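Have a look at the picture first, and then read on.

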Number of protein chains: 2
Amino acid sequence: MSRWRDLPSLSALRAFDATAQSGSFAEAGRMLNVTHAAVTQAVRGLEAELSVALVRRAGRTVVLTEAGERLAKALDAGFGAVEAGVAALREAEARRVVRVTTTTYIAETYVMPRLPGFWAKHPGVEVALSPSPEKIDLGREGFDMAIRALTDGWVEMPDEEIRPLCRSRVVAVCAPSLAASGLAPQDMPWVIGNANHWELAEIAGTGLDIARLKRVDMGSPHLELQACRQGLGAGTATEIICRDDLEAGRLVELPLTGLPVVTYAVVLPRGPRRPAVQAFAAWLRTIF
Amino acid sequence: MSRWRDLPSLSALRAFDATAQSGSFAEAGRMLNVTHAAVTQAVRGLEAELSVALVRRAGRTVVLTEAGERLAKALDAGFGAVEAGVAALREAEARRVVRVTTTTYIAETYVMPRLPGFWAKHPGVEVALSPSPEKIDLGREGFDMAIRALTDGWVEMPDEEIRPLCRSRVVAVCAPSLAASGLAPQDMPWVIGNANHWELAEIAGTGLDIARLKRVDMGSPHLELQACRQGLGAGTATEIICRDDLEAGRLVELPLTGLPVVTYAVVLPRGPRRPAVQAFAAWLRTIF
DNA sequence: CGTGGAACGAAAGTTGGTCTTACATGTCGC
DNA sequence: GCGACATGTAAGACCAACTTTCGTTCCACG
């Protein structure tokens, strides 16, 4: 109820502490980035408030009185603890990993391969990419950011900031060999996880009959694209993910319409952001 | 060289500490005698400076994050030490005795007998009267004040404040019986310490021949006056000291001229003053 | 001895951090 | 649904803290 009730001004205490440490008003001023006059005023005020002489001014030099000596000791310990606490916090925050959650395949197929480029610029910053269920409370779960593929019509939550990275069409692709086989898309095998309702919904939008589709479940997004390249079946992906494969002729696009366009975006919880988080988010923009 | 170099604003840390203790911005504001808005702003600023979320705002309540918890712990210890140090100092100062030095007889013969009156008003304040050599550095020796008899022409030192109490003539006195003996002052025995150059100088001012004086050395001022009363010899004193004796007829004044007039004064070191010192100095004015 | 450098002292002026004010929003208990 | 009580935000006010300026003292050095 009253810890602060009758405590002298903290800045005055700080000025005295600096004076005690340096043994000089001028030097204390330098430590605190203020003028000597500011320090003398503060110490004077402190002495007045406590009704005790804390320093003895002997000409050009300043020495602590016995009372000042005792107070200085207590302040040194106290402020030292405060300083240590803040320093420890800063230290811990600086070396904490950047935790990124993602609900799409973009991380594994696009971000991860480029991570070395980030580490080259920011050595020492640990980044943890972790796949997570779609809807997640970033702050609550301790994540620093999310990379999400937003379909049109998304709305920003009040406690989240969304920074769009790029827009990319969802395309259906398959190996050139499979395309050359003459099979219609409806008759091709499709590399799609059984549990992936989102991707199934995408394909349904093209008019294909999902129920009649022959599906191949690879278990992992990264393997899926690999499977497509090897001709095991057709699949969907965003253009940006398979751009290289398309250009290199490892994959070709199937002429399906009705596939959506998604916006890749980084989602950051509102509030203070660590430099490492800021850096990673900024770097993400550069690679898209 | 750099303890304070990169420390957040102390008032922000204080605001956060209060918030952590009370678990509420509003309550913290009450503790610090500020509005809740001031606290929220301070905590927000602190979070921004440290780039760390310290509290989680969940509707109407506020809970600390893990980082906040750790910082709060450190701050609690740190500020606690500061607070304890200040409190200890205040405590020690409050119960420290008031040390008064005096170079004259006034203390023993006038102040001491009236001390009970001071203690009646200010119980618990210890007062130490101590006789000391004439010139003394109050601050250096740890005295709170001096009671001195100043001869005219005194000048105030730069680091001392002089508060005149009263002016009093120096008078030569003796017992009525001695006065009735018919002896001239020059032929009377004089109760004067051999080492007391000041008093000897006083008498020399009256034209008496000190060298031819028959002197009685009692060793203590208090005994000297007593010796005069008992007729052992004549002596000098200020009027205020022997007023009662003169009125009661225990002493009579010798018709000597050329004796000085002194100003009793309390001398206080400049700078902060404890309440007890202030009180004693104020009380001194009331008894003169 | 005087001259320059470096420290403290005092007073007046200025500024920016801190606080208040005012209003909006959100949550809980009834 | 309403009142009580919490937090959020913005804009302006205020005052403590700081700078500036000038003076003084002390010491080192040629």
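Predicted model: local features only at pLDDT ≥ 70, side-chain atom pairs only at ≥ 80, totals over all residues.

We begin in α2(B), where Phe25(B), Ala28(B), Gly29(B), Met31(B) and Leu32(B) are buried. Because these residues span an arc of only 160° around the axis, they sit on the same side of α2(B).

What do the buried residues of α2(B) pack against? Their partners are α1, α3 and β2 (61-64) of chain B.

## The nonpolar cores

Next, look at the inside. In soluble globular proteins, nonpolar side chains tend to be buried together. The largest nonpolar core of this model holds 54 residues. Which residues have the most contacts inside this core? They are Ala15(A), Phe16(A), Ala15(B) and Phe16(B). Both chains take part: α1 (10-22), α2 (25-32), α3 (36-50) and α4 (66-94) of chain A, along with α1, α2, α3 and α4 of chain B, each supply at least two residues of the core.

Setting aside neighbours within four places in sequence, Ala15(A) is in contact with Ala28(A), Leu32(A), Val39(A), Ala42(A) and Val43(A).

## Where the chains meet

Now turn to the contacts between the two chains. On chain B, 43 residues are in contact with 43 residues of chain A. The elements that give two or more residues to this side of chain B are α1 (10-22), α2 (25-32), α3 (36-50) and α4 (66-94). Which element gives the largest share? That is α4(B), with 18 residues. Sorted by class, the side of chain B that touches chain A has 27 nonpolar, 6 polar and 10 charged residues.

## Two copies and an axis

How are the two chains arranged? A rotation of 178°, with 0.1 Å of shift along its axis, superposes chain B on chain A with an RMSD of 0.5 Å. The two copies are therefore related as by a two-fold rotation axis. In chain B, Gly78(B) has the C-alpha nearest the axis, 2.0 Å from it. Both copies use the same surface, as 100% of the contact residues of chain B recur in chain A.

Methods. Residues numbered from 1 in each chain as written. Chains lettered and ligands numbered in written order. Contact = placed C-beta atoms within 7 Å. Helix = DSSP H or I, 4+ residues; strand = E, 2+ residues; numbered from the N terminus. Nonpolar A, V, L, I, M, F, W, Y, C, P; charged D, E, K, R; others polar. Buried ≥ 20, exposed ≤ 12 C-beta atoms within 10 Å, placed from the backbone. Arc of directions from axis to C-beta. Core = buried A, V, L, I, M, F, W, Y, C linked by C-beta atoms within 7 Å. Least-squares fit on C-alpha atoms with pLDDT ≥ 70 in both.
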